[in-house]
Amino acid sequence: QVQLVESGGGLVQPGGSLRLSCAASGFTFSSSVMNWYRQAPGKERELVAESIAAGGSTNYADSVKGRFTISRDNAKKTVYLQMDSLKPEDTAVYYCNAITRGPFSRQYWGQGTQVTVSS
């Protein structure tokens, strides 16, 4: 059974930091692309950061470049999103996403964790 369980969300003041975690199970984590998406009220879900398994490359949305960092621990089957210098516009539900490799590629989603940036 595939599971993606996010944690680490909460309320933070502007300029603060949070670290999200996503614990994965039920699929081959080390070879999978792992992503963080977010969805703000009334807006479409958007890709925030991705971690490409092969080569360890990462990509970020322009809106978070230089502030957010995605990382992964293949031994723990966990992907992280370090969020610094948070802004009110970062307020959203953040979702962990996995895309498995191979001829039978699958996509999985976590349940989401709320991040609220407000004073």
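**Exercise 1. A pair on the outside**

Are aspartate 62 and lysine 65 buried or exposed? Work it out, then say what their side chains do.

*Solution.* Keep in mind that you're looking at a predicted model.
- Step 1: check accessibility. Aspartate 62 is exposed, and lysine 65 is too.
- Step 2: look at the side chains. Those of aspartate 62 and lysine 65 meet in a salt bridge, at 3.2 Å from N to O.
- Step 3: recall the general idea. Side chains of opposite charge can pair when their charged atoms come close.

**Exercise 2. Salt bridges that join up**

How many salt bridges does a search of the whole structure find?

*Solution.* 
- Step 1: count. The search turns up four salt bridges.
- Step 2: take arginine 67 and aspartate 90. Their side chains meet in a salt bridge of 2.7 Å, N to O. This pair links distant parts of the chain: arginine 67 is in the loop between strand 6 and strand 7, aspartate 90 is in the loop between strand 8 and strand 9, and they're 23 residues apart. Both arginine 67 and aspartate 90 are buried.
- Step 3: join things up. Salt bridges with shared partners tie Arg38, Glu46, Arg67 and Asp90 into one network.
- Step 4: Arginine 38 has a relative accessible area of 5%, so it counts as buried. Glutamate 46, at 32%, is partly exposed.

**Exercise 3. Rings and a charge**

How are the rings of tyrosine 95 and tryptophan 109 arranged? Find out what sits over them.

*Solution.* 
- Step 1: the structure holds three aromatic pairs. In the one formed by tyrosine 95 and tryptophan 109, the centres are 6.4 Å apart and the planes make an angle of 85°.
- Step 2: planes over 60 degrees apart count as edge-to-face, so that's the label for this pair.
- Step 3: Tyrosine 95 is in strand 9 and tryptophan 109 in strand 10, 14 residues apart.
- Step 4: look for the charge. The charged end of arginine 45 sits over the ring of tyrosine 95, 3.8 Å from its centre. It also sits over the ring of tryptophan 109, 4.6 Å from that ring's centre.
- Step 5: widen the view. Tyr37, Tyr95 and Trp109 form one aromatic cluster.

**Exercise 4. Into the core**

Which residues have the most contacts inside the largest nonpolar core?

*Solution.* 
- Step 1: this core has 27 residues, and the answer is Trp36, Leu81, Met83 and Tyr94.
- Step 2: follow tyrosine 94. Among the residues it touches are Trp36, Leu81 and Met83.

Note on methods
Residues numbered from 1 in each chain as written. Predicted model: local features only at pLDDT ≥ 70, side-chain atom pairs only at ≥ 80, totals over all residues. Heavy atoms only, no water. Phe/Tyr/Trp six-rings, centres within 6.5 Å; stacked < 30°, edge-to-face > 60°. Helix = DSSP H or I, 4+ residues; strand = E, 2+ residues; numbered from the N terminus. Lys NZ or Arg CZ within 6 Å of the ring centre and 35° of its normal. Core = buried A, V, L, I, M, F, W, Y, C linked by side-chain atoms within 4.5 Å. Buried < 20%, exposed > 50% of the residue type's maximum accessible area, 1.4 Å probe, protein only. Contact = heavy atoms within 4.5 Å. Lists of a residue's contacts leave out its neighbours within four places in sequence.
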